[in-house]
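I opened the model to go through its architecture, and I keep my notes here in the order in which I looked things up.

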Amino acid sequence: MRHVFQVRIGPVGFRVGSDWRAPVARLEDLYAAYPRPEDGIPDFTVRLFAARPWRRWLRPSVTLGGDFVLPEAAPLPLSQGLLAAEMAMNLQMALGQRRYLLLHASTVERDGRALLMTGLSGAGKSTLAALLAARGWRLMGDEFALVDPETGRVHAFPRLVSLKNGAIPIVRAALPDARFGPLIAGTPKGDIRHLVPDAAAIARMDQPAEPALILFPRFGFAPARRPLGPSEVFVRLTQASTNYVALGERGFDALTRLVREVPARAIDYPDAEAAIAEVEALWAGL
Amino acid sequence: MAERLFHAEPAEALRIVPLDDFTLVFHRPSGLTHLVTAPAPEILAILAGGPRTRDALLQRLAEAYDLADPSPEALDARLAELVAAGLVRAA
């Protein structure tokens with residue numbers, strides 16, 4: 001790989017190698033405030049390489065690679081190189097992480113206690129996390145919550161927040177002074193723009209938090225809230241975990257502890273404002 | 001022909017965690033997690049005390065859990081499910 005970028009996000013070190021300068025330059029810029037991997041040794045290596053040797057010059061596209069590879073990972077145009085790098089980092093985590101139980105969830109923290117938000121793509125978990133960060137919550141991550149099987153605590157993984165389509169102007173309005181990456185139009189998920197987590201999120205990314213509330217938000221519905229029993233939460237979270245099976249009994253222990261100790265609610269919301277009010281009300285009632 | 005005996009998996013093979021109406025059973029040899037509901041946890045609890053025939057199991061279930069309508073057919077179906085899941089052996 002001609003160009004290399006290294007970064008530590010929470011407890012995980014990455015090395016991203018690329019055939020092109022552009023994605024690495026963009027990552028260096030957006031992750032400028034982040035530390036390097038401890039002892040210079042990354043946990044995961046991500047490679048962005050040319051789909052064909054000649055494609056570096058002709059219609060360049062980026063193919064994802066790494067220690068763990070999904071064969072269907074599709075090449076993306078070079079203009080989406082940043083997106084490819086972010087996706088490849090997620091892929092490495094999803095397939096290779098063994099130390100923590102990985103939940104596909106956004107996480108914010110207040111007073112040492114964590115709020116986890118999980119749900120299908122489009123449920124609004126990244127948007128809600130960014131909007132709560134704008135209200136003083138600490139952003140711990142918009143993609144993965146890392147549950148430590150030994151302690152039950154959640155570790156932060158505050159990579160760039162991936163905002164899609166209608167969420168982009170809402171979050172820009174809520175965080176007018178925040179840094180954003182370039183608008184990446186025409187991706188398989190529509191328009192994407194990355195939000196750089198604020199200084200507090202990066203400075204405190206080594207501080208884990210006690211999980212206090214699990215929410216399953218759903219965007220685009222009349223306001224409703226429903227408590228969820230531990231067994232339903234367990235099933236939903238096994239579906240939201242990329243490595244539950246791979247962790248074996250450690251995963252079982254981590255997840256049973258989480259669903260027995262932490263209350264959970266499903267909330268439907270028509271717009272971001274209603275969701276934030278609902279989250280604050282639920283949190284105040286804990 | 002002797003009646004079949006149903007055996008539980010060895011105690012160290014299972015992690016059983018009651019949650020609410022459902023109980024989680026982690027099967028260590030396979031690494032599989034099962035979500036079961038009554039009367040499966042009760043069946044596993046009785047068989048943990050030693051193998052039993054279907055009729056002995058039904059009698060014990062009726063005594064211990066105050067079954068309103070002890071049905072051999074229903075118990076056969078539940079046992080078949082537990083055998084298929086690998087949580088109970090028939091021999």
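Into which domains is chain A divided? I found domain 1 (3-96) and domain 2 (101-284) in chain A, with bounds that come from an automatic or database domain assignment.

Before going on I noted the conventions: residues are numbered from 1 along each chain as its sequence is written, and chains are lettered from A and ligands numbered from 1 in the order in which they are written. This is a predicted model, in which local features need pLDDT of at least 70 and side-chain atom pairs count only at pLDDT 80 or more, while totals for chains, interfaces and linings use all residues.

I looked up contacts, counting two residues when their C-beta atoms, placed from the backbone, lie within 7 Å, and found 15 residues of domain 1 of chain A in contact with 21 residues of domain 2 of chain A. On the domain 1 side, helix 2 (residues 81-96) of chain A gives the most, with seven residues; helices (H or I, at least four residues) and strands (E, at least two) are DSSP runs numbered from the N terminus. By class I noted 11 nonpolar, three polar and one charged residues on that side, where Ala, Val, Leu, Ile, Met, Phe, Trp, Tyr, Cys and Pro count as nonpolar, Asp, Glu, Lys and Arg as charged, and the others, Gly among them, as polar.

**Between the chains.** I then turned to chain B and found 12 residues of chain A in contact with 12 residues of chain B. Helix 6 (230-240) and helix 8 (249-261) of chain A each supply at least two residues of the chain A side, and helix 8 of chain A has the largest share, five residues. I noted that this side of chain A divides into six nonpolar, four polar and two charged residues.

**A sheet in chain A.** I traced an open sheet of three strands in the order 11-13-12, with antiparallel pairing, where two strands pair if DSSP finds at least two bridges between them. Strand 11 (161-164) and strand 12 (184-187) of chain A each have a single partner strand, so one side of each is left without a neighbour in the sheet. I noted a twist that averages 35° from one strand to the next, axes being lines fitted to C-alpha atoms, for helices over the stretch in contact, and angles running from 0 to 180 degrees between N-to-C directions. Four bridges join strand 11 of chain A to strand 13 (residues 190-195) of chain A, and A:Lys164 has A:Ile192 as its bridge partner in strand 13 of chain A. I also found helix 4 (residues 167-174) of chain A packed on the sheet, touching strand 11 and strand 13 of chain A, with its direction at about 125° to that of strand 11 of chain A.
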